[in-house]
Amino acid sequence: MNRRTRIPSLALQACAPVLLLVAGAAAAQPSVQGPDGTFTYDQRLNVPVPPDLAFRDEAGRDVKLGDYFGKRPVVLVLAQYRCPMLCNQVLNGLNEALRGIPDDAGEVYDVLVVSFDAREKPNLAAAKKASYVEDYGRPGAETGFHFLTGDQPSIDLLTDTVGFRYAYSKPNDRFAHPTGVLVLTPSGKISKYFYGIYYQSADLGKAITDAGAEKIGRPVPTYARVLLLCYDYDPKTGSFSLNVMNAVRLAGALTVALIGGGILLAWLRERRRRKQRVGAWSDAMPQRAAGDHA
């Protein structure tokens, strides 16, 4: 290995223990404690979503979840339509990923967005649908996007079934909740989870194709679920004050600091080793000169 490739390698070696320590700390705290218990996104693969749960669509019509099963795979999103931050990020990320998939919503798959806030009504759902159908930008998309609202019993059973745990702060009128989307098979079974707010089109497209064949995907590993800890809830103050973007910025700054520190440490180690080699060579020179003179 030459000197140019050695320093980056040493930097990675120096960073690795620190990164593993950070990952270990995250894994040791799988959920954040909120006022109503823990809120995470548990993986319930191969579990059927109850088809008889009653909701209302964006036009105010009474519907059941089973009305959207039986034809195509379903991309399911749990969201609050009035959410000022996280839910918009999830829906924006989903639309961006869907635009990268050649298949059209309404023909190969459906997008089903369900509000977990029982106070929200169909008028909010209609406005949200119009916005995201326009953003999706493909003809006929209105037949593939469905935005529902419902009463608390149906919401509770749906969120419990898919493992969506969330908490409400009454003083701040805010929810703390996990981020992500699910892919359901045509029969309504949970096939795949995607965590976070950004999704790769290729991965999402494959998950939709697999779900269409009634295949159940693999669980998301623990290390890929760190973004689930980015809530608005601050356990020190008992309020939802730290937003996800601040957490992401903090994580980015920490990553840069770790990498920079690792590179500096590797450079210092290499410099010290170089001095040791030069010192050893200098000490050997008089001996060599004496031997040559003799």
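Tutor: Arginine 138 touches Leu98, Arg99, Gly100, Ile101, Pro102, Asp103 and Asp104, leaving out residues up to four places away in sequence; a contact means heavy atoms within 4.5 Å. This is a predicted model, in which local features need pLDDT of at least 70 and side-chain atom pairs count only at pLDDT 80 or more, while totals for chains, interfaces and linings use all residues. Residues are numbered from 1 along each chain as its sequence is written, and side-chain values use heavy atoms, with hydrogens and water left out.

Arginine 138 sits in the loop between α3 (122–136) and β7 (145–148). Helices (H or I, at least four residues) and strands (E, at least two) are DSSP runs, numbered from the N terminus. The side chain of arginine 138 also makes a polar contact of 3.3 Å with the side chain of tyrosine 136. A polar contact is a pair of N or O atoms within 3.5 Å; within protein, one must be able to donate a hydrogen and the other to accept it, and residues adjacent in sequence count only if both atoms are side-chain atoms.

Ten of the 14 residues of α2 are buried, where buried means under 20% relative accessible area, exposed over 50%, and partly exposed in between (1.4 Å probe, protein chains only). Among the buried residues of α2 are Leu91, Leu94, Asn95 and Leu98.

Which residues line the second largest cavity? The lining consists of Leu91, Leu94, Asn95, Val111, Val113, Tyr132, Phe145 and Phe147. The elements that give two or more residues to this lining are α2, β6 (110–115) and β7. Helix α2 gives the most, with three residues. On a 1 Å grid over the protein atoms alone, a cavity is a set of points where a 1.4 Å probe fits but cannot get out, and a pocket is an open set with protein on both sides within 12 Å along at least five of seven lines; lining residues have an atom within 4 Å of a point. The second largest cavity has a volume of about 40 Å³, and a search of the whole structure finds three cavities of 30 Å³ or more. Grid points are joined across faces, edges and corners, and a volume is the space filled by probe spheres set on the points. The lining of the second largest cavity divides into seven nonpolar residues, one polar and no charged. Here Ala, Val, Leu, Ile, Met, Phe, Trp, Tyr, Cys and Pro count as nonpolar, Asp, Glu, Lys and Arg as charged, and the others, Gly among them, as polar.

Buried residues make up 42% of the 294 residues in the protein. Among contacts between residues at least 6 apart in sequence, 76% join residues at least 24 apart.
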